[in-house]
Amino acid sequence: MRNDTDLPQKADDYARHVSPYFNIEDKQAKYKADKLFKRLRRKTGNAIGDFGMIEPNDKIMVCVSGGKDSYALLDLLLSLKRSAPFPFTLVPVHLEAGFPNTPQGVVENHLKKVGLDYIIIKRPVFEISKAKMSSKDKTMCSICSRMRRGFLYAKAREIGANKIALGHHRDDILATYFLNLFYSGIMKTMPPILRTDDDTLTVIRPLAYCKEKDLITLSKLKEYPVLPKGLCGYGEDQQRAAMLAMLRQWDRENPKRTEIIFKSLQNVVPSHLLDRNLFDFTDISKGPRVK
């Protein structure tokens, strides 16, 4: 363990008391809250280690959208930073997309409380997305997400960040897997780590092992100032919402099912599928082999 000396005093104080344990008086509730935070912290650390997400002297832009997941991501990374064996820098960044009726200053006030140097980007994402929508589009989700990603990538390059941390969790990864499976005929999901097309940035998802229900509980305990959904007025992506609802139903009916499916994404046997690019079936006569 090392003693982090590059945190501003306010951020260091915040990180020392980042667990909801410190805001609860009831002993049993304190124990449960601390156990929850430690579980999320451990899973985040495991994902970072398993996929080599963070390296010495990384400058990581943490995207804080105003949702529960990105608030939790920032807290967990800040907590891990205090005890990491090597230095790295966290830069919280919030993109104000110009959605109507967005509460002003909510995310920025929280970032001030955290104590790290932060950046607020203001771009007319909503107006541009609305203008680009065709008569066939029911939502602007795909247009908006691509544009937001472009603005965030540009800011990362501008500030010299080499990595971008996003708050996608285990359920997001599973939902994306089934979206691709059901609607695109491809076995593909959100990777925990990837390089951008121009090979200039690495995108990481440290919450890849974290369950959404745990993040929801943490958000309530921490009283994160979560922005309302549907601020654009077009609603959320219905196909993705349906996949997440399906996963939640499975959790209620068979709690182990989603865990087993997630495990399957980590245990792929190409020789027992049908993708000829992954396995040379024409060469099978030379001897038995798998994977």
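D34 sits in helix 2, and that's a handy place to start in this predicted model. At 18% relative accessibility, D34 counts as buried because the cut-off for that label is under 20%. Setting aside neighbours within four places in sequence, D34 is in contact with S19 and Y21.

**Helix 2**

- Helix 2 covers residues 27-51, so to speak a run of 25 residues, and spans 36 Å from its first C-alpha to its last, close to the 36 Å expected at 1.5 Å a residue.
- The N-terminal end of helix 2 is capped by D26, with a side-chain oxygen 3.2 Å from the backbone nitrogen of Q28.
- After helix 2 comes G52, which has a positive phi, near 60 degrees.

- Six strands make up an open sheet with mixed pairing, in the order 3-2-1-4-6-5.
- Strand 3 (119-122) and strand 5 (193-195) are the edge strands, each pairing on one side only.
- From one strand to the next, the twist averages 25 degrees.
- Strand 1 is largely enclosed by the rest of the structure, because four of its five residues are buried.
- Strand 1 and strand 2 run parallel and are joined by five bridges, and I60 stands opposite L90 in strand 2.
- At strand 5, the pairing with strand 6 (residues 202-204) is antiparallel, over three bridges; here I193 has I204 of strand 6 as its bridge partner.
- Helix 6 (residues 141-159) lies across strand 1 (59-63), strand 2 (89-96), strand 3, strand 4 (163-165) and strand 6. Relative to strand 1, helix 6 runs at about 150 degrees.

**The cysteines listed by UniProt**

- An unreviewed UniProt entry lists C141, C144 and C232 under "binding site". The three are spread over 92 residues of sequence, yet they cluster in space, with a largest C-alpha distance of 9.9 Å.
- C141 is found in helix 6, and at 23% relative accessibility C141 counts as partly exposed.
- C232 lies in the loop between helix 8 and helix 9 (238-253). With a relative accessible area of 15%, C232 is buried.
- Not counting residues up to four places away in sequence, C232 touches F99, F126 and M140.

**The PP-loop stretch**

- UniProt, again in an unreviewed entry, lists residues 65-70 as "short sequence motif: PP-loop motif".
- In the model, residues 65-70 are 50% helix and 0% strand, and the end C-alpha atoms of this stretch are 6 Å apart.

- E127 belongs to helix 5 (residues 125-132).
- E127 counts as partly exposed, because its relative accessibility is 46%.
- F99, which C232 touches, also comes up here: the C-alpha atoms of E127 and F99 are 8.2 Å apart, although the two residues are 28 residues apart along the chain.

Methods. Residues numbered from 1 in each chain as written. Predicted model: local features only at pLDDT ≥ 70, side-chain atom pairs only at ≥ 80, totals over all residues. Heavy atoms only, no water. Helix = DSSP H or I, 4+ residues; strand = E, 2+ residues; numbered from the N terminus. Buried < 20%, exposed > 50% of the residue type's maximum accessible area, 1.4 Å probe, protein only. UniProt positions renumbered as here; feature names shortened; annotations may be inferred. Pairing = 2+ DSSP bridges. Axes fitted to C-alpha atoms, helices over the stretch in contact; angles between N-to-C directions. Contact = heavy atoms within 4.5 Å. Expected span 1.5 Å × (residues − 1). Polar contact = N/O pair within 3.5 Å; in protein donor to acceptor, adjacent residues only side chain to side chain.
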